[in-house]
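Hi everyone, thanks for coming.

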Amino acid sequence: MTIELRDVVREYRIGGQLVRALDRISLRLSGGQFVSIVGPSGAGKSTLLHLLGALDSPDTGSITFDGTEIGRLGDEQASEFRRHRVGFVFQFFNLLPTLSAWENVAVPRLLDGSRLQGAKRDAMGLLERVGLGDRIDHRPAELSGGQLQRVAIARALLMGPSLILADEPTGNLDSATGASILRLLSEVAHEGGRDRMVVMVTHDRDAAAATDREIGLQDGRVGSDRCDRNGRAAAAR
């Protein structure tokens, strides 16, 4: 799968002032990669992540996902795209406290109209996949930070998305636990050939160094673009 951004501009009006969050960004991202987006606060990282997930639309420019323009989707089309093509992993996990681990993972499938039995089977299988087969009935309050993030990753994978977007997924974790989450995200990106991509926003340069490709943003523009030594990252800009 491939995502291509061409001359993407996104502006916001804050307190009467027009702020350009992204300034003519052009990038090409390819499946089978673990990509990090780094930069200081205000660099445009979160804005870029929102555009990739069709949570927002560019003012000008285009974003194509496997050849389909996603920057101009209507509300219903964008919702359908997010539900089936994108999985989200958040810094604060966003799990429902009254539900067990498997119930939290199953939520997207149940909201999509699937039967409970099938959704539970698939949720339990993914919890096994992320190393939590013995925690399927535990609620969030009974899990550690690393376990909570593994539940969130399992939930993100439930609908079989091509793109996983992770917003500071190690931000609330200690270094050892964060490293284990990075390894898991790397496995997710690389399994199944080039049909899936993980894009992670992070302030942590050590976390970014663990990825195949590190894109640095500064004032809404691409300031750097590093590939790993194995050359796994695709040609950029």
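Let's start with glutamate 4, whose bridge partner in β4 is threonine 64. That's one spot in the pairing of strand β1 (residues 2-14) with strand β4 (residues 60-65), which run antiparallel and are joined by 5 bridges. When I say strands pair, I mean DSSP finds at least two bridges between them. The strands (E, at least two residues) and helices (H or I, at least four) are DSSP runs, numbered from the N terminus.

Before going on, a word on where this comes from: it's a predicted model, where local features need pLDDT of at least 70 and side-chain atom pairs count only at pLDDT 80 or more, while totals for chains, interfaces and linings use all residues. Residues are numbered from 1 along each chain as its sequence is written, and side-chain values use heavy atoms, with hydrogens and water left out.

Now look at helix α1 (residues 45-52). Lying across here goes by contact, meaning heavy atoms within 4.5 Å. For angles, axes are lines fitted to C-alpha atoms, for helices over the stretch in contact, and the angle runs from 0 to 180 degrees between N-to-C directions.

Is α1 buried or exposed? Well, 6 of its 8 residues are buried, so the helix is largely enclosed by the rest of the structure. Buried means under 20% relative accessible area, with exposed over 50% and partly exposed in between (1.4 Å probe, protein chains only). Among the buried ones are Leu48, Leu49, Leu51 and Leu52, and Lys45 is on that list too. Just after α1, alanine 54 takes a positive phi of about 55°.

On to the other sheet. This open sheet has 6 strands, ordered β6-β7-β8-β3-β9-β10, with mixed pairing. Its edge strands are β6 and β10, each pairing on one side only. From one strand to the next, the twist averages 20°.

β3 pairs with strand β8 (residues 197-201) in the parallel sense, over 4 bridges, and isoleucine 37 has valine 201 as its bridge partner in β8. β3 also runs parallel to β9, again joined by 4 bridges, and there serine 36 stands opposite glutamate 214.

What about β9 itself, residues 213-218? 5 of its 6 residues are buried, so that strand is largely enclosed by the rest of the structure. Then 6 bridges join β9 to strand β10 (residues 221-227), and those two run antiparallel.

Two helices to finish. Helix α6 (residues 175-190) lies across β3, β7 and β8, at about 125° to β3. And α2 lies across β6 and β7 (163-167), running at about 75° to β6.

That's my tour, so over to you.
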